[in-house]
Each structure stands twice: as structure tokens, then as C-alpha cells.
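Opening my notebook on this one. I'll jot down what I look up as I go.

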Amino acid sequence: MRILVLGGSRFLGRHIVEEALLRGHTVTTFNRGVSGSLPGVEEIHGNREEAADLERLVDGRHWDIVVDTCGYVPRVVLASAQALSGHATTYAFISTISALDGFPTKPGTDESGLWACEPDAGPEDGDYGVLKAGCERAVSIGFEGNALFIQPGLILGPYENVARLPWWLTRISHGGQVLAPGSPSVPLQLIDARDIAAFTLDQSEAGVTDRFIVTGPPGNATYGSWLEMCKEVTGSDASFVWVDDQFLLDREVGTFVELPLWAPPGPDMDNFWSASTERAFAAGLRSRPVLETVRDTWEWLREIPEESRVYGSSRQHGIAPEKEQAILEEWQKRS
């Protein structure tokens, strides 16, 4: 098949491109050309926010599948979908579980609606999840009846540019006492980007037009087992010091950012790690063991010098060493 990937040079998009090439598809990528090149693809450089660039992209071309990996603002996605209408058969949009109305205060299920957001909304009209909901509506306007929506949960794996797992792997590889948040028994729900890529292409190739929550089975790791996996693959002598959630909150430790994947219990986050995945698994989603994801990510990461591990996130993940040490010392005195 002929596949167009909007984005396609970073993390999930890169995995989609590589998986498509392995399957023998002809792949075109459309991006600004600032994140490197991939062999074996037709690269078209341009800005999806520029009408002239979109016109140049579609001129004389038709694809079987479009996979949009970098749509964040509804009006930008609307322009892309309208430009590509008539030039592609299926539009697969990578959304997010955060687009579900009320999530994670409410459970994320296949019956959940979307946050209220207009398909022509701008970047100032909502947060990440709300805007992704508007993006889904924008795709539906351009590709009514021919759209596939993928709503991932927490994505990990090689090429990760958000620095969640890479930060933990790097920190744990240094050894010593490591601040671990909350309880080791907290269940997680993790998915490898490669499994999302395979599922997205499986559904797109089959012409499926549906909406899927795509994440791992609930409890496919606990916070404790996940950190132990990081210790195992790095060969570290780290020892984990588990510090009470409230103790960390009282010291203004940033949830999910300073300690990646830390979501303290409470009404705002109680359903984050228990999304419904029945529809996706019934449709053929396969979720590899979390240990494989952790091991492969370390194998990729260890080839990158620490000073060059630029993850591209707008928020720098990971707690500062001096803050971690101060909290550990205070906690141990109290204990």
C-alpha cells in the first residue's frame, strides 16, 4: 500500500514508518525536516500550518492510508484533513486516551465520549486532551466514515522523546539510593510504541474505521516491578527508598514530571491506570512484556552519551539530584 505519515521521524511516528517499510509498503513522510531522515522513504518537507505546503503535498498524489502522528491543534488538523480529502482512502489519527471526557477522574472506556472542543479550535482553546478531542472531530469532517482513531495510554519504548523511561533508566544506572514515590504495589498500564504501530497498521490495512483505546492490560507492571526492571537491565546496584505520597506532595515534587509515571492516589488520578482495552485486544492488539520494552529502550539509550540525550520534551522530566538527596535525607531522619 501507499502510506503517508504526517510526522514520522520521532518516537511513535518513526516506529510506524519502520513497521510499514517492514511490511513492504511505500512510505511518504511529510514534516519540517528538523528531526532527521529515515532511509527508504519519500520525504516531503513542509509545514502543515501553511496552505501552500499542503497543496504542494497533495498535488498529483494519492495514498491508501494517511497516519497522522503529530496533530495537536484542531484547526491545523482540520486543514490537513480537508486538503487530503480525495487524496487518501483512510485517515488514521493518533489521538490520546486523554481526549475522553472526564478522564482520568472518570474511567476511560470504549463508551466514553470526547471532551467538548470545536473542530476549528485554536491552541488557546483547551489543554492537550481537550484539543485532541477537537482534532478527532476535525478528522471526521475531512474523512467522514473513513477515519480510524487510536487513543493510546502511556507509551514507552525505544526512540522515546518524552524522557520518562529514559530518565528512570539513566538515574537508576547511576546506582546508590534512589527516591521511589508512593508504593511499589501501585499497578501501572503500559504499552510499547511498536505495538501501537503494528495495531494501527493492522487496522488501517483492513480498512477499519473505529475508535480504539490502545494501551497495555491493566496491571501489566507495578511501579515496583517497573523500577526493578530498570535496575535489572542496567546492571545497577541501586536501592530504592519508597517515600510516602503526601510527604512528596508537601515538598512540591512534581507529579508525572519530576518523578515520571508517579500519579498519587486521589480523585483526579484514580482511573489513570485502569482504562478499558477490551475492544482493541478483541481486534488483535498485542502487548509485549514490559521487561522487553525496558530492555530494548536501554539498549537504544546506552549508545547515546548522557550529555547528548536530548529528548525533545517541552518539560524536562526528572528530579534534580540535590532535591532528591535532600528529600531522602529528610525522609530517613523522620523514619
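Which residues is Thr 90 in contact with, leaving aside its neighbours within four places in sequence? I get Asp 64, Ile 65, Val 66 and Asn 146, where contact means heavy atoms within 4.5 Å. Thr 90 has its place in strand β5; strands are DSSP runs of E, at least two residues, and helices are runs of H or I, at least four residues, numbered from the N terminus. I noted Thr 90 as buried, because its relative accessible area is 6% and buried means under 20% (exposed is over 50%, partly exposed in between; 1.4 Å probe, protein chains only).

Before going on, a reminder to myself: this is a predicted model, where local features need pLDDT of at least 70, side-chain atom pairs count only at pLDDT 80 or more, and totals for chains, interfaces and linings use all residues. Residues are numbered from 1 along each chain as its sequence is written, and side-chain values use heavy atoms, with hydrogens and water left out.

Next entry, the whole protein. I count 11 helices and 13 strands. The radius of gyration is 20 Å, close to the 20 Å that the globule rule gives for 335 residues, so the protein is as compact as a globular protein of that length. That radius is taken over C-alpha atoms, and the rule is 2.2 Å times the number of residues to the power 0.38. Along the principal axes, the C-alpha atoms fill a box of roughly 70 × 40 × 35 Å. Of the 335 residues, 54% count as buried. I also looked at contacts with a separation of 6 or more: residues 24 or more positions apart account for 76% of them.

Then I turned to helix α1, residues 11–22. Its 12 residues should span 16 Å at 1.5 Å a residue, and the end C-alpha atoms are 17 Å apart, which agrees; the expected span is 1.5 Å times one less than the number of residues. Buried in α1 are Phe 11, Leu 12, Gly 13, His 15, Ile 16, Val 17 and Ala 20. What do they pack against? I find β1 (2–6), β2 (26–31), β4 (63–68), β5 (88–94), β7 (154–156) and α6 (193–205). Just after α1, Gly 24 takes a positive phi of about 85°.

Last entry: His 25, in the loop between α1 and β2. Is His 25 buried or exposed? It counts as buried, at 12% relative accessibility. Not counting residues up to four places away in sequence, His 25 touches Met 1, Ile 3, Ala 20 and Glu 205. His 25 and Arg 2 are 23 residues apart in sequence, yet 6.0 Å apart in space, C-alpha to C-alpha.
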